[in-house]
Amino acid sequence: MPTNRSYRLLSWLTWLFLLVAWALISNMGWVDPVILPSPQVMFRTAIDFVAAGYSNTPAWRHIGVSVMRTFAGLGGGILFGIPVGLLIGYYRPVNAILGPIFSFIRPVPPIAFIPLVILYFGIGEFPKILLIGIAAFLYIVLNTSNGVRAIPIDLIRAALNLGARPHQMIARVILPAALPQIMTGIKTATALSWAIVVAAELVAAQAGLGYMIMDASTFFRVPYVYLGIVIIGVIGIVLEWGTNVMEHRMLHWRGR
Amino acid sequence: MVSKVELRNVGQRFPSTASRGAGTLALDSVNLHIDEHEIVSLLGPSGCGKSTILNLIAGFATPTSGEVLIDGKQVGGIKPDRLVVFQSPTLFPWLTVMDNVTFGPRMRGEAAPTYKPLAEKVISDVGLERFRNHFPYQLSGGMKQRAQIARALINRPEILLLDEPFGALDAQTRLEMQQLLLSIWNQYRCTIVFITHDVEEALFLSHRTYILSPHPGRVHREVSMPFGRPRTLALFGDSTFSRLKGEILTALQRKLPHGEHVSELVQGDGEEKVVAAPPLTIIRRA
Ligand SMILES: Nc1ncnc2c1ncn2[C@@H]1O[C@H](COP(=O)(O)OP(=O)(O)O)[C@@H](O)[C@H]1O
Ligand SMILES: [Mg+2]
C-alpha cells in the first residue's frame with residue numbers, strides 16, 4: 001500500500017529529476033547557454049541580485065515595488081468592492097441600475113485597459129494601482145453580490161424578524177453571510193492583481209519584477225529573466241497561501 | 001373576545017414565472033382564528049399553503065385578498081412580537097449559541113445587563129446550558145432547533161410561529177422536542193401556530209388543528225383536541241387519540257372537495273358530535 005509519505009517522496013523525486021536534467025542539458029552544451037543558463041549560473045545570479053540588485057536598484061525595491069502596487073490596488077478594490085457588491089446583491093434597484101455597466105466591463109480583460117490608463121495618467125504609480133484596483137474591484141463586486149443573492153431567504157427573514165434595521169442587516173447579517181464568497185473573490189482578485197502588476201510593469205515601469213524581466217530580456221541578461229520568473233512564482237504561491245490562511249481563520253464556521 | 005390571530009377570506013396568488021400565466025393560487029378564501037394562549041396546528045400535505053399562511057401572519061408577505069388580523073388589527077409589518085422558528089437552520093453560523101440568542105435584543109439596542117440574565121434563562125429553558133459557547137455547526141439538528149426557540153423566547157414574543165420545526169429530526173428527537181415545546185408553552189403561555197404534516201404531532205401538541213387541502217390551499221376541516229393538559233406520552237395510547245388520528249388520516253387521504261359533508265368519517269360514540277357547518281366541520285367533546 002502506498003502511503004502519503006511515499007507520494008510526497010515521489011513529488012520530491014520530480015524536482016530532483018528536473019534539476020538533474022537541467023544541469024545535464026545546460027552543462028553538456030546541448031542547448032545554447034544564453035537561452036538556458038546552468039544551475040551554477042543561476043545560483044550566482046541569485047546571489048548577485050540579492051547583493052547588488054538589478055540595474056542600480058536593490059533587489060528588495062524591485063520586489064517591494066511590485067508587492068506594494070499589488071496590495072495598494074487590491075486594498076482599494078476590496079474597500080470599494082465589498083460595499084458596492086453588498087448593495088447590488090441586497091437591493092434589486094441598485095442591481096438594475098449598476099448591473100448593465102458591470103456586465104459590460106467585466107468581460108474585458110483588465111490588461112486591455114493598460115494603454116488607456118497610461119494615456120490618461122502617464123506611467124507613474126497611480127495608473128498601475130488604478131488598473132489593479134479596477135480589476136480587483138470588478139471581481140469582488142461580482143463575488144460579493146452573488147454571495148448575497150445566495151443567502152437563504154429564511155436567514156434574512158429571521159434577522160428581520162428579530163428586529164434588525166437596514167444598516168444592521170447589511171453589516172451584521174448580509175456581510176458575514178456572504179463572507180465565504182467574498183473570500184473566494186478576494187482570493188481570485190489577489191491572484192489576478194499579481195498577474196496584472198507584472199503585465200503593467202512589462203509595459204511601463206522603472207522598477208519592479210515585471211520591469212526587471214522585460215529589461216533583462218531586452219539586454220539578453222537571460223539569467224535575470226529566469227530569476228524574475230521564479231521570484232514572481234514564489235511570491236504568487238506565498239500570496240495564495242496567505243489568503244488561504246486568512247480564509248480558514250475568518251471562516252472557521254464555513255461549510256460545516 | 002377578539003382573536004389573537006385571525007384570517008378573513010384570505011387569498012394569496014403568486015405570479016407565474018412564465019411571462020403570461022394566471023399564476024398559482026396558493027390560498028383561496030382561508031378563514032381561521034387562533035385565540036390567545038392557544039396552540040393551533042395547521043396540518044396538510046406539502047404545497048397546501050401552510051408556509052404561505054405563516055408568512056402572512058409573520059408579516060413577510062401581504063395577502064392578495066382578504067385580511068390578516070393580529071389582536072383585531074391588520075398585520076403591520078415584521079415585528080419581534082411574532083417570531084418564526086424555521087425548519088431550515090437559520091441560526092447565524094458565525095455566531096455562538098449565546099450570540100445567536102442575544103441577537104434580537106442586541107439589534108434593538110438593549111443593554112447587556114438587561115438581556116444577559118434573560119439569555120441564560122432561555123438557554124437553560126431549552127437545555128443548552130453546556131452549549132452556550134458552541135457554534136451552530138457543532139450542534140445536532142435537535143439542538144439547533146432548541147437554539148432557534150431560545151433565540152425567539154428571549155424577545156418575549158406574544159406569538160410563536162413554527163414552520164415544521166421538527167420535520168427533519170429523527171422520531172426520538174422529535175418527541176423530545178415536542179415535549180420541550182409543551183413545557184415552554186406551560187411556562188411562557190405564548191400563542192403558538194404550529195405547522196406540521198405529522199398528524200400525531202398535531203394531536204399531541206395542539207388545542208385545535210386546521211386541516212388544509214391543496215390546489216388551491218383551503219381550510220378543509222377544523223378539529224378540536226379533547227385532551228387535558230399537561231399532556232404526557234400516555235396520550236399516544238389513548239383510544240380517542242387513535243380514533244381522531246384515523247379520522248384525520250382518512251380526511252387527508254380522501255382530499256374531499258371543499259364543503260363536502262364529512263359526517264360519515266366520524267364513528268361517534270356519543271362523546272363527539274359533528275357540527276356540520278361546511279366549510280368547517282368541527283368535532284368537539286360534548
Ligand atoms: N414565492 C412563491 N412564488 C410562487 N409560488 C409560491 C411561492 N411560495 C409558495 N408558492 C406556491 O404556493 C403553494 C403553497 O406553498 P407553501 O405555502 O410553501 O406550501 P407548504 O408550506 O404547505 O408546503 C405551492 O404550490 C407553492 O409552489
Ligand atoms: Mg412549508
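Predicted model: local features only at pLDDT ≥ 70, side-chain atom pairs only at ≥ 80, totals over all residues.
A polar contact, as the term is used in these legends, is a pair of N or O atoms within 3.5 Å.

View 1. In the side chain of Thr52(B), an N or O atom comes to 2.5 Å from an oxygen atom of ligand 1, which is within the 3.5 Å cut-off for a polar contact. The side chain of Ser51(B) likewise has an N or O atom at 2.7 Å from an oxygen atom of the ligand, whereas at Gly47(B) it is a backbone N or O atom that lies 2.7 Å from an oxygen atom of ligand 1. The protein buries 61% of the 560 Å² that ligand 1 exposes when taken alone.

**View 2. The shell of residues around ligand 1.** The residues around the ligand include Phe14(B), Ala26(B) and Pro45(B), together with Ser46(B), Cys48(B), Gly49(B) and Lys50(B). Sorted by class, this shell has four nonpolar residues, five polar residues and one charged residue.

**View 3. Confidence along chain B and in the complex.** Chain B has a mean pLDDT of 88, and 88% of its residues reach 70 or more. Over residues 258-286 of chain B, however, the pLDDT is below 50, although this stretch has 57 contacts in the model beyond near neighbours in sequence. For the complex, the predictor gives an ipTM of 0.87 and a pTM of 0.87.

How values were computed. Residues numbered from 1 in each chain as written. Chains lettered and ligands numbered in written order. Heavy atoms only, no water. pLDDT = per-residue confidence, 0-100. Contact = heavy atoms within 4.5 Å. Near = heavy atom within 4 Å. Polar contact = N/O pair within 3.5 Å; in protein donor to acceptor, adjacent residues only side chain to side chain. Areas by Shrake-Rupley, 256 points an atom, 1.4 Å probe, with all protein chains shown as cover. Nonpolar A, V, L, I, M, F, W, Y, C, P; charged D, E, K, R; others polar.
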